[in-house]
Amino acid sequence: MKYFTLLLLLVCVAPVGAIAQETDQTNPAHREQVYTRGGAEVCLRCHSGDRMRAVKNSAHGNMENMFTPLATQGCEACHGPGSIHVSRAHGGAGFPKMIDFGRGANFSPRDTQIDACLACHHEEKGGRSVIEWYSSSHNRKNINCSTCHAIHVEVDPMEDADQQVATCNRCHRKDLQKHDHFEKSDIEFESLSCGTCHNVHEAFDRTTRHEEADG
């Protein structure tokens, strides 16, 4: 009787294991995500709003520059390989989730977003300058690239003087108010942007800055 019970358990458990193994193999979450062959047009079949198509007229959509996202892997150059997302999206519930830029729990982790941007912007190619993000003063846990920059627009707000000042003012309101005393030197701030004087992407030597503050 004991041996019969053991045999019965083995017979019952074996199919469950086989089904579980088969499920793991067919589960999109366990498949390798690769780049699609259709490029940006595959994405635009669903994501076809004006915001999405504005990228084509932006610096990231310059097809004449072989180093731009649209000239390489299209949307997937920034948002990651989308083969599974395209084939099994089911209304956007694809596996695995594509890289989504922004702040908050509904977006991709901060480091994932930054790594996606630095995949291109860590080196000087195609007219772009090197961004020393990890050693800059803006490398803080509540800040990522999309905090200041917008990609799905024809012109990044940080390229426009007025919009750049407005963006910086969200965090640096007190610092901007301290600039009043420069007006005595006949400096017309209305004709300048923050980037005229400040390079927010440059390496930041915290030790030297603290020594200067202490002195």
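## An aspartate in a loop

D100 is partly exposed, with a relative accessible area of 28%; here buried means under 20% relative accessible area, exposed over 50%, and partly exposed in between, using a 1.4 Å probe and protein chains only. This is a predicted model, in which local features need pLDDT of at least 70, side-chain atom pairs count only at pLDDT 80 or more, and totals for chains, interfaces and linings use all residues. Residues are numbered from 1 along each chain as its sequence is written, and side-chain values use heavy atoms, leaving out hydrogens and water.

The loop holding D100 runs between α6 (83–87) and α7 (110–121); helices are DSSP runs of H or I with at least four residues, numbered from the N terminus. Leaving aside residues up to four places away in sequence, D100 touches N106, F107, S108 and Q113, where contact means heavy atoms within 4.5 Å. D100 and H79 are 21 residues apart in sequence, yet their C-alpha atoms are 6.6 Å apart in space.

## Helix α7

Among the residues of α7, R110, Q113, I114, A116 and L118 are buried. The buried residues of this helix pack against α5 (76–79) and α8 (145–148).

With a disulfide defined as a pair of cysteine sulfur atoms within 2.5 Å, the count is zero. C117 is in no disulfide, and its nearest cysteine sulfur, that of C145, is 3.7 Å away. C117 is partly exposed, at 22% relative accessible area.

What about C168? Its sulfur is 3.7 Å from the closest cysteine sulfur, in C194, which is too far for a bond. C168 is buried, with a relative accessible area of 16%.

Terms used
Helices (H or I, at least four residues) and strands (E, at least two) are DSSP runs, numbered from the N terminus.
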